[in-house]
Amino acid sequence: MKHPRTVMSAVIGLGFGLAAALGTAPAIAASPAPAAPPASAPAAHVGYAAKAGAHEDAAANKAFFEAVAKSVAKKRGAHPGAQAVTIVYSTANAPSFRTQISNSAQIWNSSVSNVRLQEGSNADFTYYEGNDPRGSYASTDGHGNGYILLDYSQNQQYDSTRVTTHETGHVLGLPDHYSGPCSELMSGGGPGPSCTNPYPDSNERSQVNYLWQYGFAAALAANAS
């Protein structure tokens with residue numbers, strides 16, 4: 001396994017993957033979206049499954065990471081001695097996926113120690129649900145506003161908990177790696193619909209723990225200079 005420091009450099013080079021999806025969706029396709037994502041077209045987005053000829057979108061990954069990192073900087077300033085940083089999310093606009101989102105948060109909270117996911121108000125990022133030809137994705141307008149959209153069709157084709165946990169992995173700083181095996185959470189839709197693994201592997205857990213202990217502070221300092 002690569003040393004976390006080496007891995008972090010690789011992640012920064014990719015722009016920090018932050019993309020799209022949670023859960024196992026029962027009969028969600030018929031449910032209308034309670035609210036649409038922000039009307040203004042986002043500057044960047046990254047999807048769960050690679051399109052033909054596509055590659056990991058480093059620019060979108062970096063933009064979404066920076067959107068979340070801005071609120072994290074405030075949290076660190078308010079609680080400089082805290083071992084774990086709490087990231088707050090909202091499910092108000094994705095009620096059909098509330099169970100998958102909760103399961104995803106539990107998976108990540110039991111897998112890493114330097115960051116915690118918690119539902120609440122004044123959220124750092126928001127989940128939406130709906131129909132989108134691009135499938136599920138994480139998006140940002142490039143100005144500090146980030147959200148995840150969970151697509152109905154894709155969450156019936158693929159294991160919904162894996163989709164959601166994968167997308168949440170982007171929020172935690174992991175890039176897409178579509179060519180990876182099913183045992184890699186961030187391989188997303190690469191291994192195909194038969195892959196139902198919703199858990200990050202040991203290398204992905206190590207990357208997230210390292211990023212939230214050291215990498216985010218360094219990245220934010222570099223971004224501010």
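Asn 122 sits in the loop between E3 and E4; helices (H or I, at least four residues) and strands (E, at least two) are DSSP runs, numbered from the N terminus. Its phi is near 55°, a positive value in a residue other than glycine. Asn 122 is exposed, with a relative accessible area of 72%. Exposed means over 50% relative accessible area, buried under 20%, and partly exposed in between (1.4 Å probe, protein chains only).

The model is predicted: local features need pLDDT of at least 70, side-chain atom pairs count only at pLDDT 80 or more, and totals for chains, interfaces and linings use all residues. Residues are numbered from 1 along each chain as its sequence is written, and side-chain values use heavy atoms, with hydrogens and water left out.

**Core.** The largest nonpolar core holds 32 residues. Such a core is a set of buried Ala, Val, Leu, Ile, Met, Phe, Trp, Tyr and Cys residues joined through side-chain atoms within 4.5 Å. Ile 87, Phe 125 and Trp 212 have the most contacts inside it. H2 gives the largest share of this core, 5 residues. Ile 87 touches residues including Val 68, Val 72, Leu 117, Phe 125 and Trp 212, not counting residues up to four places away in sequence. Contact here means heavy atoms within 4.5 Å.

**Helix H5.** This helix covers residues 160-171. 12 of its 12 residues are buried, so H5 is largely enclosed by the rest of the structure. Its end C-alpha atoms are 17 Å apart, which agrees with the 16 Å that 12 residues should span at 1.5 Å a residue. The expected span is 1.5 Å times one less than the number of residues. Asp 159 caps the N-terminal end: a side-chain oxygen lies 3.4 Å from the backbone nitrogen of Thr 161. Just after H5, Gly 173 takes a positive phi of about 110°.

**Aromatic pairs.** The whole structure has 7 aromatic pairs. Rings of Phe, Tyr and Trp (its six-membered ring) pair if their centres lie within 6.5 Å; planes under 30 degrees apart count as stacked, over 60 as edge-to-face and the rest as tilted. Two of them are tabulated.

| Pair | Centre to centre | Plane angle | Type |
|---|---|---|---|
| Tyr 48 and Tyr 158 | 5.3 Å | 80° | edge-to-face |
| Tyr 89 and Phe 125 | 6.2 Å | 35° | tilted |

Tyr 89 in strand E2 and Phe 125 in strand E4 are 36 residues apart. Both are buried. With Tyr 127 they form one aromatic cluster.

How values were computed. A polar contact is a pair of N or O atoms within 3.5 Å; within protein, one must be able to donate a hydrogen and the other to accept it, and residues adjacent in sequence count only if both atoms are side-chain atoms.
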